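The exercises below are to be worked with the sequence and the model side by side.

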Amino acid sequence: MRIRTDVRGISVAEAMPAISRAVSRLGDGQALEVLSSDPESVLVLLAWTHASDNPLLDVSLDDDVYRFVIQRGRTPGGGRPHALPSAA
């Protein structure tokens with residue numbers, strides 16, 4: 001099951017409490033999809049997922065919208081993305 005949180009139009013700093021709450025409400029292994037327009041969200045969410053042991057499964061950029069998939073709980077093999085999106 002995947003839940004979506006759309007935080008486009010606000011800074012990732014403002015969005016982090018809502019993102020953290022949404023992840024904490026997931027069951028182990030469930031995923032949260034986050035949509036953001038803030039370029040800072042890449043580094044902030046990468047650091048937060050690493051520190052919180054909630055794997056960042058996917059990161060993509062399409063039409064200036066960053067899409068993140070965050071899984072609640074640690075998974076075998078780490079679940080880290082292979083490459084971050086280019087802001088070019």
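**Exercise 1. Identify the aromatic pair and classify its geometry.**

Solution. The structure holds one aromatic pair. Its members are tyrosine 66 and phenylalanine 68, with ring centres 6.5 Å apart and planes at 20°, so the pair is stacked. The cut-offs are these: rings of Phe, Tyr and Trp (its six-membered ring) pair if their centres lie within 6.5 Å, and planes under 30 degrees apart count as stacked, over 60 as edge-to-face and the rest as tilted.

The model is predicted: local features need pLDDT of at least 70 and side-chain atom pairs count only at pLDDT 80 or more, while totals for chains, interfaces and linings use all residues. Residues are numbered from 1 along each chain as its sequence is written, and side-chain values use heavy atoms, with hydrogens and water left out.

**Exercise 2. Decide whether tyrosine 66 and phenylalanine 68 are buried or exposed, then describe strand 4.**

Solution. Buried means under 20% relative accessible area, exposed over 50%, and partly exposed in between (1.4 Å probe, protein chains only). Tyrosine 66 has a relative accessible area of 6% and is buried. Phenylalanine 68, at 0%, is buried too. In strand 4 (65-71), six of the seven residues are buried, so the strand is largely enclosed by the rest of the structure. Helices (H or I, at least four residues) and strands (E, at least two) are DSSP runs, numbered from the N terminus.

**Exercise 3. Find the strands that pair with strand 4.**

Solution. Two strands pair if DSSP finds at least two bridges between them. Strand 2 pairs with strand 4 in the antiparallel sense over six bridges; here leucine 35 has arginine 67 as its bridge partner. Strand 3 and strand 4 also pair in the antiparallel sense, over six bridges. Opposite tyrosine 66 stands leucine 61. The hairpin of strand 3 and strand 4 has two residues between the strands, and aspartate 63 takes a positive phi near 50° there.

**Exercise 4. Which residues of helix 2 are buried, and how are they arranged around its axis?**

Solution. Start with the length: helix 2 (41-52) has 12 residues and reaches 16 Å from its first C-alpha to its last, close to the 16 Å expected at 1.5 Å a residue. The expected span is 1.5 Å times one less than the number of residues. Next, the buried residues are Ser41, Val42, Leu45 and Thr49. Cover for the buried residues includes helix 1, strand 2, strand 3 and strand 4. After helix 2 comes aspartate 53, with a positive phi near 60°.

**Exercise 5. What do the buried residues of helix 1 pack against?**

Solution. Helix 1 spans residues 12-24. Its buried residues are Val12, Ala15, Met16, Ile19, Ala22 and Val23. These pack against strand 1, strand 2, helix 2 and strand 4.

Key:
Contact means heavy atoms within 4.5 Å.
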